[in-house]
Amino acid sequence: MEVSFLAAINVSILAMAVIFIVLTILIFTIQTLVKLIPYEPPPSLPSKQKTISSVSSEQDDHVAAITATLAMHMGKSPKEFKIVSIS
Amino acid sequence: MEFSFGESASKIINSTGFSGLEGGDMTMLLVACVLIYLAIWKKFEPLLLLPMGFGALLANIPMSMMASTDTGGLLNFFYQGIKHEILPPLIFLGVGALTDFGPLLANPATLLLGAAAQIGVYVTLIGAVLLGFNMHEASAIGIIGGADGPTSIFIASKLAPHLLAPIAVAAYSYMSLVPLIQPPIMKLLTTAEERKIKMEQLKPISQTVKIVFPVVVTIVCCLMLPGVTPLLGMLMLGNMFRESGVTARLHETAETHLINIVTILLALAVGSSMTADSFLRFETLKIIVLGLLAFCIATVGGVVFGKIMCKLTGGRVNPLIGSAGVSAVPMAARVSQKVGAEADSSNFLLMHAMGPNVAGVIGSAVAAGVFISLFGDTVVTEPHAAIVDVIGSVEPGAKAALSQVVEVLQKNH
């Protein structure tokens, strides 16, 4: 029993050491990878026209959301409201 | 050919399962019902425990030929998937397809928390040896502390197949109890101030790094521990399906249909190994106690190492994320978030805890690889219960001869 207990302790110490060594090597590998291949943010939208249409579509979304919320709050159909712009 | 009424009736009665029903079978039918109850009403890992419980129900109906040891039976065929180490790696394929390693890549030091949590495995191994298990059995029991079901089944089927049923039940039951087991330990080992520590936002990681990561892990870990290749290789393949961006169909299949199908087969096969002679033993009780010890010590290891990292980084790491180093993904990370939010409701630890959580999956696979490297080529299997019974019932001279034959067969296995 004592021999098995000592064997278990030896195995445990050895195994934990192996796990830490393997994962430490992995840490260094990942850190090297991240340094070699840095994150590049995606490019921003280029043209003004695209910007205008995106703003107007954004405003349409806001209008739709406000219309739906008001309709729900007042218990009426969204078709009874017409919000044309937000200043 | 003539059949008398009496003979026919007798034949039919003797062919029913009732005629072969024994106390052990009835007890196991009750155990199966308890597992099904826990799965459905208590929501204990239902995806695994429900088919496992039902598999146990089928296997313990006498003369049904549904036990894992009934050659030619349906569940015996499913069990070959475990015996030949096919199903657990396929589950890992699905797990890899579901896992986002981004938080780990943003803070790779959290891999050490996944390593520290594996201390539960080895303390349990020592405890199992003290309780009379041999090293192979103790290794299979200890791996419960990795909190990884497929890894537990993989190692148990390799090193101690006769203990597969109680190990699988213990592993999955305790995984579902993580929200109950961990918080008291986490609160005991940390101060209120430590629990309130807010961590810096994780930096974004290039998609190219996410694609290269699975290849690098496979090469680094599998070259060092080739025995872990089936598990870790499949985990990383699944992750490649997810991150490569060119295998959307394979990704979708791996994370949904494949993992669901394999889960059903695996759980049924494990359930079919829960027969009276393999489950109703004193060893099962020891395994259940040791399993609890494994989870508790793993949590302690992760939190204590988290505290060490907190001290070394000047308070930039919240020790609570250390408890997520057990690989019960994503439950352990959610527990870290919950305990952290109890201390400070504006503290969001979930993504920080996902790093050590997924690191624990790699850590438990590496722990399994170490066991395979140490014990994988010297598997000792207990003689099957049926052989022991046969040996026990013959005259002494023949008994000695038969024992010698069994010994030679075991050595050559």
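Student: How are the axes of H16(B) and H21(B) arranged?
Tutor: In this predicted model, the axes of H16(B) and H21(B) cross at roughly 155° and come within 9 Å. That angle is why H16(B) counts as roughly antiparallel to H21(B).

Student: Which residues make that contact?
Tutor: H16(B) contributes Leu231(B), Leu232(B) and Leu235(B), and they meet Val361(B), Ala365(B) and Ala368(B) of H21(B). By type, the contact of H16(B) with H21(B) has six nonpolar residues, no polar ones and no charged ones.

Student: And how do H10(B) and H11(B) pack?
Tutor: Their axes are 8 Å apart, at an angle of about 170°. H10(B) is therefore roughly antiparallel to H11(B).

Student: Which residues meet there?
Tutor: From H10(B) you have His136(B), Ser139(B) and Ala140(B), facing Ile155(B), Ala156(B) and Leu159(B) in H11(B). The contact of H10(B) with H11(B) divides into four nonpolar and two polar residues, with no charged ones.

Student: There's a proline in H11, Pro150(B). Is Pro150(B) buried or exposed?
Tutor: Pro150(B) counts as buried, because it has 28 C-beta neighbours inside 10 Å and the cut-off for buried is 20 or more.

Student: What is Pro150(B) in contact with, leaving aside its neighbours within four places in sequence?
Tutor: With those left aside, Pro150(B) is in contact with Pro88(B), Ile91(B) and Phe92(B).

Student: OK, tell me about H6(B), then. How many of its residues are buried?
Tutor: Ten of the twelve residues are buried, so H6(B) is largely enclosed by the rest of the structure.

Student: How far does H6(B) reach from its first C-alpha to its last?
Tutor: It reaches 17 Å, close to the 16 Å expected at 1.5 Å a residue. H19(B), residues 282–312, has 31 residues and reaches 45 Å, close to the 45 Å expected.

Student: What comes just after H19(B)?
Tutor: Gly314(B) sits there, with a positive phi of about 70°.

Student: Switching to the core: how many residues does the largest nonpolar one have?
Tutor: It has 142 residues, and Ile167(B) and Val366(B) have the most contacts inside it. The largest share of this core, 14 residues, comes from H21(B).

Student: What does Ile167(B) touch, leaving aside its neighbours within four places in sequence?
Tutor: Ile167(B) is in contact with Ala140(B), Ile141(B), Ile144(B), Ser152(B), Ala156(B) and Ile287(B), once those neighbours are left aside.

Student: Now chain A. What is its secondary structure?
Tutor: Chain A has two helices and zero strands. Of its 87 residues, 9% count as buried.

Student: How many residues are in contact between chain B and chain A?
Tutor: On chain B there are 34 residues in contact with 26 of chain A. The elements of chain B that give two or more residues to that side are H8, H9, H10, H15 and H21. H15(B) gives the largest share, nine residues.

Student: And how do the residues on that side of chain B divide by type?
Tutor: The side of chain B that touches chain A has 29 nonpolar residues, five polar and no charged.

Methods:
Residues are numbered from 1 along each chain as its sequence is written. Chains are lettered from A and ligands numbered from 1 in the order in which they are written. This is a predicted model: local features need pLDDT of at least 70, side-chain atom pairs count only at pLDDT 80 or more; totals for chains, interfaces and linings use all residues. Two residues are in contact if their C-beta atoms, placed from the backbone, lie within 7 Å. Helices (H or I, at least four residues) and strands (E, at least two) are DSSP runs, numbered from the N terminus. Ala, Val, Leu, Ile, Met, Phe, Trp, Tyr, Cys and Pro count as nonpolar, Asp, Glu, Lys and Arg as charged, and the others, Gly among them, as polar. Axes are lines fitted to C-alpha atoms, for helices over the stretch in contact, and angles run from 0 to 180 degrees between N-to-C directions. Angles under 35 degrees count as roughly parallel, over 145 as roughly antiparallel, 65 to 115 as roughly perpendicular and the rest as oblique. The expected span of a helix is 1.5 Å times one less than its number of residues. A nonpolar core is a set of buried Ala, Val, Leu, Ile, Met, Phe, Trp, Tyr and Cys residues joined through C-beta atoms within 7 Å.
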